[in-house]
Amino acid sequence: MISRRLFLASTAALAVTPRLALAAPQVLRAGVTRAQLAPDGYGDTEVWAFDDRIPGPDLRVAQGARLARRVQNDLPVHTAVHWHGIRIDNAMDGVPGLTQRAIEPGESFDYDFVTPDAGTFWYHSHQHSMEQVGRGLKGPLIVTEAEAPDVDRDLVLMLDDWRLDPRTTEFAPFGNRHDLSHAGRIGNLITVNGVFDWRAGVRAGDRLRLRFINAASARIFTLDLRGLDTWVMALDGMPLTAPLRVDFRLELAPGQRVDVIADVTAPAGALAEVVSLERDGGYSLAAFDVAAGGAARGAAPVALAPNPVARPGDLASAPLYTMRLEGGAMRGLGPSMHEGRLTEPQDLYAQEKFWALSGHVDLPDIPVIDAARGDTHRIAMVNETAFPHGMHLHGHHFHVLDADGGLGPLRDTVLVAPGQTRQIAFVADNPGDWLLHCHMLGHAQAGMKTWYRVS
Ligand code: C2O
Ligand code: CU
């Protein structure tokens, strides 16, 4: 049968992706091309990609600078680009139907925005996301600090999960009812930076900055870093106030990022590895070949400079919106509002709508929060479903509140386990209409999305 093992079992040689030296491109072209996602010995895959690359080009910009790209749509379908985690001008957020019209085939759209925060972000299609992101329309967006931390290497590791038909190595069909109503489109091939067997050379003692981005449609990664002494430096682009030593595993929901600083403790001649922990064992996702010649730092890393995010006001008096996460297999929906009408579950399922937020399937007519600019708001996300959900706010980062109500780390995507309630708080200081949705892209497509307004 078709399984990821088919890929993982093969002893793939390192796939070398040619890196073309391009003059600073002002155009970011979305088009159809082919890429070698599967291990050597398997065929390549027709993908949808930015600038013919999987992942798309590594966009780098200094904190506070402008990023301008003309997105040229050479796809056979409409598209739009969302800059995930950037606290952006609303008109540049890339959400068809809310902030812009989708870009028609043959047309282009000029994105131009300031990047207020330094950190690890990413960009991806926001039109029919499950299919378009699932076919490859995504890439890293790195906003650099004025003062970079003291490291020997700064590496992006974009984690991805593809579902291919192993006989043809083309994409399996998108959007079956089972994916939409269960955990989403879980793949059968995991890549790092678009290759099956990603490797890099390092030296014993080197200090690495590793920027993990979970670009998968649905898979939650649980990472174990071996041969590395690791500190978490930032979550979803936002620095922690103090580096957090990793004596536990790193979990990344779709959409989330984790920046770590990792000292290579594996000796010369050995391998350091990033291992993905799964029900049936651990799989090496990325390997570092360790050579001699590095020099250990000895001291723990110092925190990255904080980003200019407004600190929430008094939480107890801040409005609290309770958002119930509803639906999916094993729970189902009750009669829910959809396109302005109360709709029976069987009619929703017939339209492949399986999820709701507080009784609404897809975007309600009015925003769930109508915030005055500058006010602090809270949202309690109550997961009444049988599945985890990675809930993402556009336009703002938020604090995840800890068990005793204190301000936890800043994030733009929070994982809410089945039965769990997570409360978040943020200062609504970025005007516009913003999406709030599950980043398991099949769930969003099947109804788990809403919006809020800041004016
Ligand atoms: Cu990363 Cu609404 O998306
Ligand atoms: Cu979800």
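Domain bounds here come from an automatic or database domain assignment. The model is predicted.

| Domain | Residues |
|---|---|
| domain 1 | 4-144 |
| domain 2 | 153-291 |
| domain 3 | 320-454 |

**Spacing and contact**

Between the C-alpha centres of domain 2 and domain 3 the distance is 26 Å. Domain 2 puts 20 residues into the contact. Domain 3 puts in 25 residues.

**Buried area**

The size of an interface is often given as the accessible area lost when the parts come together. For domain 2 and domain 3 that area is about 1900 Å². Carbon and sulfur atoms carry 59% of it. On the domain 2 side, three residues stand out: R177, L180 and M238. Together they supply 29% of the area that domain 2 buries against domain 3, more than any other three residues.

**Polar and charged links**

Across the interface of domain 2 and domain 3 there are 2 salt bridges. D236 and R411 also pair through their side chains in a salt bridge, with N to O at 2.9 Å. Polar contacts between domain 2 and domain 3 come to 11 residue pairs, both residues at pLDDT 80 or more.

**The domain 2 face**

Which elements give two or more residues to the side of domain 2 that touches domain 3? They are α3 (177-181) and β17 (238-245). The most comes from α3, with 3 residues. By residue class, this side of domain 2 has 9 nonpolar, 7 polar and 4 charged residues.

Definitions and conventions
Residues are numbered from 1 along each chain as its sequence is written. Chains are lettered from A and ligands numbered from 1 in the order in which they are written. This is a predicted model: local features need pLDDT of at least 70, side-chain atom pairs count only at pLDDT 80 or more; totals for chains, interfaces and linings use all residues. Side-chain values use heavy atoms; hydrogens and water are left out. Contact means heavy atoms within 4.5 Å. Buried area is the accessible area (1.4 Å probe) that two parts lose on being put together, summed over both. A salt bridge is a side-chain nitrogen of Lys or Arg within 4 Å of a carboxyl oxygen of Asp or Glu. A polar contact is a pair of N or O atoms within 3.5 Å; within protein, one must be able to donate a hydrogen and the other to accept it, and residues adjacent in sequence count only if both atoms are side-chain atoms. Helices (H or I, at least four residues) and strands (E, at least two) are DSSP runs, numbered from the N terminus. Ala, Val, Leu, Ile, Met, Phe, Trp, Tyr, Cys and Pro count as nonpolar, Asp, Glu, Lys and Arg as charged, and the others, Gly among them, as polar.
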